Amino acid sequence: MLYVQPCPTKGGAAFFVYLMNYEQAWNELMSSVPKLDPLMAQKITQRAWRAIRDTRRWSFLKVETAIYSPNVVTSGTVTTTQGSPTVTLDATANAAINAIGTNPSAVTDRQFRIGLGPIYNILSYSFAGSTLTLTENFGEPGAAGQVYSVYQSYYAAPTDFLRWESVVDPLFAFSLALNRTKEEIDRIDPQRGSVNQPFMLAAYKYIPAAGAVAAKYLYELWPVPQVYKRYPALYQKRGVDLVAGELIPTAIPEDMFMVKARFYAYEWAASNSGRYPELKGINWATLRETSAAEFRDLEKDAWRQDEETFLQNLAGNYLLPPYNGGYGANYLQSHAPFYG
């Protein structure tokens with residue numbers, strides 16, 4: 001498929017670029033191996049796509065997003081019962097929680113606690129019933145008229161997520177530490193008594209898919225945020241299978257992609273040579289070895305070109321000290337050397 005792109009070295013003059021799409025890839029694969037049917041050709045093409053996609057942090061898999069922390073809700077009081085997941089809200093608390101809506105997150109994405117007691121996840125909310133239902137039974141002594149907090153500690157990673165690249169606080173001018181886990185925060189602050197300004201985004205847990213609800217990874221902001229705030233972020237996505245009409249990204253050369261696909265197709269041909277006369281008499285193992293060697297050379301070039309186009313892998317932010325070593329941009333600027 002031909003596309004017109006401007007050439008930066010020729011004053012923006014147009015030139016044609018050929019981009020292969022999914023259908024063209026698996027159809028070409030069928031012409032390389034006899035008796036390869038369309039369904040198997042598509043399966044092998046997807047397998048090659050996944051193998052190439054997972055080899056590195058490709059530039060086309062980097063995505064911009066943002067994490068939003070909501071304001072804490074504390075209006076009114078609640079009644080809890082030990083051994084029950086139901087929390088009864090007074091009229092003021094019910095109105096305040098109902099006003100949450102989904103901006104920036106739903107009630108069921110948030111957490112509930114009494115004072116500095118254990119943190120509970122919220123399973124559901126009923127405005128008509130004036131109740132919150134927790135994901136587990138309330139374990140502490142119950143009481144009426146209790147002061148409470150509904151806020152958000154845990155944040156779901158985007159769909160098709162692989163890893164965080166950068167999360168920053170633009171107001172206080174520092175980057176959040178991303179190389180932390182819940183267990184580490186448990187040792188630092190088991191009570192989660194530190195609140196307001198987070199400077200860590202720690203891995204919390206994985207939640208598998210259930211029915212129509214997709215699987216997700218949860219991360220914890222710490223210290224616990226209490227105010228509405230936007231944290232711009234970059235993340236690397238894992239990528240998904242190709243769909244009809246989808247173009248192979250320009251960072252992946254057509255030759256490299258097809259060599260990888262043929263590598264897997266030759267494996268199929270070798271295992272099916274006893275079933276089809278057309279596949280006999282061909283040394284599929286040698287063809288596979290040749291494809292593997294050819295792919296390694298093409299892959300090196302593709303990696304280099306992708307890095308030249310979009311530098312990202314030579315010195316990732318995982319090499320830098322967490323949250324700028326404790327110093328924000330304002331501090332560094334005010335303490336910069338003076339050359340008079």
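Trp268 touches Val33, Pro34, Lys35, Leu36, Met40, Ile44, Tyr276 and Leu279, leaving out residues up to four places away in sequence; a contact here means heavy atoms within 4.5 Å. Trp268 sits in helix H5 and counts as buried, because its relative accessibility is 11% (buried is under 20% relative accessible area, exposed over 50%, partly exposed in between, with a 1.4 Å probe and protein chains only). This is a predicted model, where local features need pLDDT of at least 70, side-chain atom pairs count only at pLDDT 80 or more, and totals for chains, interfaces and linings use all residues. Residues are numbered from 1 along each chain as its sequence is written, and side-chain values use heavy atoms, with hydrogens and water left out.

**The whole chain**

- The protein has 7 helices and 16 strands; these are DSSP runs numbered from the N terminus, with helices being H or I of at least four residues and strands E of at least two.
- Of its 340 residues, 38% count as buried.
- Take the contacts with a separation of 6 or more: 68% of them are between residues 24 or more positions apart.

**Helices H1 and H2**

- H1 (residues 22-32) and H2 (residues 38-53) pack at an angle of about 115°, with axes 9 Å apart; the axes are lines fitted to C-alpha atoms, for helices over the stretch in contact, and angles run from 0 to 180 degrees between N-to-C directions.
- On the H1 side the contact uses Tyr22, Ala25, Trp26, Leu29 and Met30, and on the H2 side Pro38, Ala41, Gln42, Ile44, Thr45 and Gln46.
- That contact of H1 with H2 divides into 8 nonpolar, 3 polar and no charged residues (Ala, Val, Leu, Ile, Met, Phe, Trp, Tyr, Cys and Pro count as nonpolar, Asp, Glu, Lys and Arg as charged, and the others, Gly among them, as polar).
- Ile44 turns up in the H1 and H2 contact, and Ile44 is also one of the residues touched by Trp268.

**Helices H5 and H6**

- The axes of H5 (residues 254-271) and H6 (residues 284-309) come within 9 Å and cross at roughly 160°.
- H5 and H6 are therefore roughly antiparallel to each other (under 35 degrees is roughly parallel, over 145 roughly antiparallel, 65 to 115 roughly perpendicular, and the rest oblique).
- This crossing is left-handed.
- Among the residues making the contact are Asp255, Met256, Val259 and Phe263 of H5, and Trp284, Leu287, Phe295 and Leu298 of H6.
- By class, the H5 and H6 contact has 12 nonpolar, 1 polar and 6 charged residues.
- Leu298, in H6, counts as partly exposed, because its relative accessibility is 24%.
- Setting aside neighbours within four places in sequence, Leu298 is in contact with Asp255, Met256 and Val259.
- Leu298 and Pro253 are 45 residues apart along the chain, with 8.3 Å between their C-alpha atoms.

**The antiparallel sheet**

- An open sheet of 4 strands runs in the order S3-S16-S11-S12, with antiparallel pairing; two strands pair if DSSP finds at least two bridges between them.
- S3 (62-69) and S12 (174-175) are at the edges with a single partner strand each, so one side of each has no neighbour in the sheet.
- S11 (residues 161-169) and S16 (residues 229-237) pair in the antiparallel sense over 5 bridges.
- Ser166 stands opposite Leu234 in S16.

**The mixed sheet**

- Another open sheet of 4 strands has the order S10-S15-S14-S13, with mixed pairing.
- Its edge strands, S10 (154-156) and S13 (177-181), each pair on one side only.
- The twist averages 40° from one strand to the next.
- S13 and S14 (residues 200-207) pair in the parallel sense over 3 bridges, and Ala177 has Met200 in S14 as its bridge partner.
- S14 and S15 pair in the antiparallel sense over 7 bridges, and Lys205 has Leu218 in S15 as its bridge partner.
- S10 and S15 pair in the antiparallel sense over 3 bridges, with Tyr154 opposite Glu220 in S15.
- S15 (residues 216-222) is mostly covered, with 5 of its 7 residues buried.

Note on methods. Left-handed = near helix turned anticlockwise from the far one by under 90°.
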